[in-house]
Amino acid sequence: MSILIKGVELEGKTTDILIEGKYIEAVSEHLPDRANKIIDGKKKAIIPGLVNMHTHAAMTLFRGFGDDMPLMPWLEEKIWPNEAKLTDEDVYWGAKLACLEMIKSGTTAFFDMYHKLPATAEAVEEMGIRGMLSSACFDNFSPEQAKKAKVITGELFRKMGEYSERISFALGPHAIYTVSGELLQWIDYYAKENGLPVHIHLAETEKEVQDAVRQFGLSPVRYLNRLGILSPRLMIAHGIYVDEEELQMLADNGVKVIHNPASNMKLASGIQFQFAEMRGKGIAVGIGTDGCSSSNNLDMIEAMKLASLLGKGWRKDPVVLTADEMLFAATRQGADMMNLKAGRIEEGYLADLCLINLNQPAFTPNFNFVSNLVYAANGSCVDTVICNGNILMENRRIPGEDEIIQRAGEIAYNLIKR
Ligand SMILES: [Zn+2]
C-alpha cells in the first residue's frame, strides 16, 4: 500500500509526502502521482501523530461519573468499587471508545495502565493505533497478593507477544501506596531482564508525600532511589512533588516523567510541575491526559495548551513552555519515550501522521501554525489520521464509529447499575 499526500503544509512549506508500507518513503516538493491512494493536502497541514503518555483507556466508561471530588474519596467510593465489577467486554468497549476519541483528536500512540489487558489489546489491534500497555499491578502490601501479581505479570507478558507490532507490553505498578517495596524491586528486576518499561504514578499529591515520609521515612523519589529502582526504564506519571535533590536523582538515573495538566488541576493534586527545570536537566518529559474520569477527555491538543498555560501561570513567566516545546513533547519526545521510530516527518520514519484542517477560524490568520494548533485549536481540527501507513480516519470519519459510541454508552450505564 502506498499513499501520496499532495501539496500539504509542513513547517510552513508546501510539500508532497509519499508513504510506502508503514514508512515515510519521501518528503519532497514534487513527487510523481504514483500511489495506491492520493490525498489532497490543500488547506491542510501535517504533523507527526500525537503521543499520549499516560492513560487508563477504558476509564472512558467513567467519564463524568463522580466529578468534583477529592482524589482518595473519588477512588474509594466511585472508581474502585465499579472497577471491581468490570468484565472483559466492558474494558474492550471502553478501550474502543478511548481509541476512537484518540484517533479523532490526532493521537496515534498511547501509554496505558489498566486492568484486563487483553481486552484493551483487542481494541487497540482493531482500531489501528499503537498502544504500550501496562497492567495495573497492586499487592496492597500482602505477600500473598504479591505472589499472584508476579504470576500474572509473566502470563500477560507472554500473551502480549501474540499481538501485532503496534502493541507492546510494559509493567504497571500502580503507586507506592498500593505496591510494596519488595514487589517494586521484583518489577524492576523483571523489567530489566526483559527490556520492558515501567509505568508508575508517583509524587502526585501532597498526601502521598506525607504518607511516604510517615511510612517509609522518605519522600517518594528518595524512597524509589533507596529501593534502587530509579532507571531509564522507569516512567513516572505526575511527578509534581519533587525537590531540587530529587530532580537531580531523576536526571542522574535517566528516569522519564509524564505531565498530566488536566488531571492535576481537576483533582487539585498540585500545579507546580517543573517542566522547564526537568528539561533543563535533560529529563525527558512527555505529556498525557490521564484517564477520562479525571481529565475528562483524551484530547492531546488541549493537553498541550493546558501544560503551557499552567506552567506559565504558576511561574508568572509568559516566556517559558512555548507552543513549539509543547508540540515537541507531545510528538517526538513521546515517540522516543515509547521507543518508536516516529514523531518526525522524515524519510525512514514510521508513517504515524495527522492532517490538520486549516480551513477554519482557529487557523485564520495563520501567522504561526504551531501557535494556532496549541493555543487556538482543539482535537476537532484533525481531519485525517494515518498510523503505521494505514489511514484510520479520513475527513473526520472512522469506520464503525457510530456502533462504538452506542455500545460503549450502553455498557457504561449497565456497569454502574450492576
Ligand atoms: Zn493515572
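This is a predicted model: local features need pLDDT of at least 70, side-chain atom pairs count only at pLDDT 80 or more; totals for chains, interfaces and linings use all residues.
Trainee: Where do I start? Which domains does the chain have?

Mentor: The domain assignment gives two entries: domain 1 (2-48 + 351-401) and domain 2 (50-337). Their C-alpha centres are 29 Å apart. Where they touch, 21 residues come from domain 1 and 23 residues from domain 2.

Trainee: Which element gives the most to the side of domain 1 that touches domain 2?

Mentor: That's helix 13, with 5 residues. Strand 5 (44-48), strand 15 (382-387) and strand 16 (390-393) are also among the elements that each supply at least two.

Trainee: And what about the inside? How should I think of a core?

Mentor: Here's the general idea: in soluble globular proteins, nonpolar side chains tend to be buried together. In this model, the largest nonpolar core has 134 residues, and Ala95, Cys99 and Met304 touch the most other members. Helix 2 gives the largest share of this core, 10 residues. Both domain 1 and domain 2 give residues to the core, so it lies between them.

Trainee: Let's zoom in on Cys99. Is Cys99 buried or exposed?

Mentor: Count the neighbours. A residue is called buried if 20 or more other C-beta atoms lie within 10 Å of its own. Cys99 has 27, so it's buried. You'll find it in helix 2 (residues 88-104).

Trainee: Which residues is Cys99 in contact with, leaving aside its neighbours within four places in sequence?

Mentor: Ala123, Val124, Met127 and Ile129. Take Met127: it is 28 residues from Cys99 along the chain, yet their C-alpha atoms are separated by 6.5 Å. Ala95 also has contacts beyond its sequence neighbours, including Ala57, Ala58 and Ala119.

Trainee: How do I describe a pair of helices?

Mentor: Two packed helices are described by the angle between their axes and the distance between the axes. For helix 2 and helix 3 (residues 117-127), the axes come within 8 Å and cross at roughly 35°. The crossing is right-handed. Among the residues that meet are Val91, Ala95 and Cys99 in helix 2, and Ala119, Ala123 and Met127 in helix 3.

Trainee: Can we check a helix by its length? How far apart are the end C-alpha atoms of helix 5?

Mentor: They're 20 Å apart. Helix 5 (residues 181-194) has 14 residues, so at 1.5 Å a residue it should span 20 Å, and that agrees. Its buried residues include Leu183, Trp186 and Ile187. Helix 4 (143-160) and strand 9 (167-173) are among the elements covering the buried residues of helix 5. After helix 5 comes Gly195, with a positive phi near 65°.

How values were computed: Residues are numbered from 1 along each chain as its sequence is written. Helices (H or I, at least four residues) and strands (E, at least two) are DSSP runs, numbered from the N terminus. A residue is buried if 20 or more other C-beta atoms lie within 10 Å of its own, exposed if 12 or fewer, and partly exposed in between; C-beta atoms are placed from the backbone. Two residues are in contact if their C-beta atoms, placed from the backbone, lie within 7 Å. A nonpolar core is a set of buried Ala, Val, Leu, Ile, Met, Phe, Trp, Tyr and Cys residues joined through C-beta atoms within 7 Å. Domain bounds come from an automatic or database domain assignment. The expected span of a helix is 1.5 Å times one less than its number of residues. Axes are lines fitted to C-alpha atoms, for helices over the stretch in contact, and angles run from 0 to 180 degrees between N-to-C directions. A crossing is left-handed if the near helix is turned anticlockwise from the far one by less than a right angle, and right-handed if clockwise.
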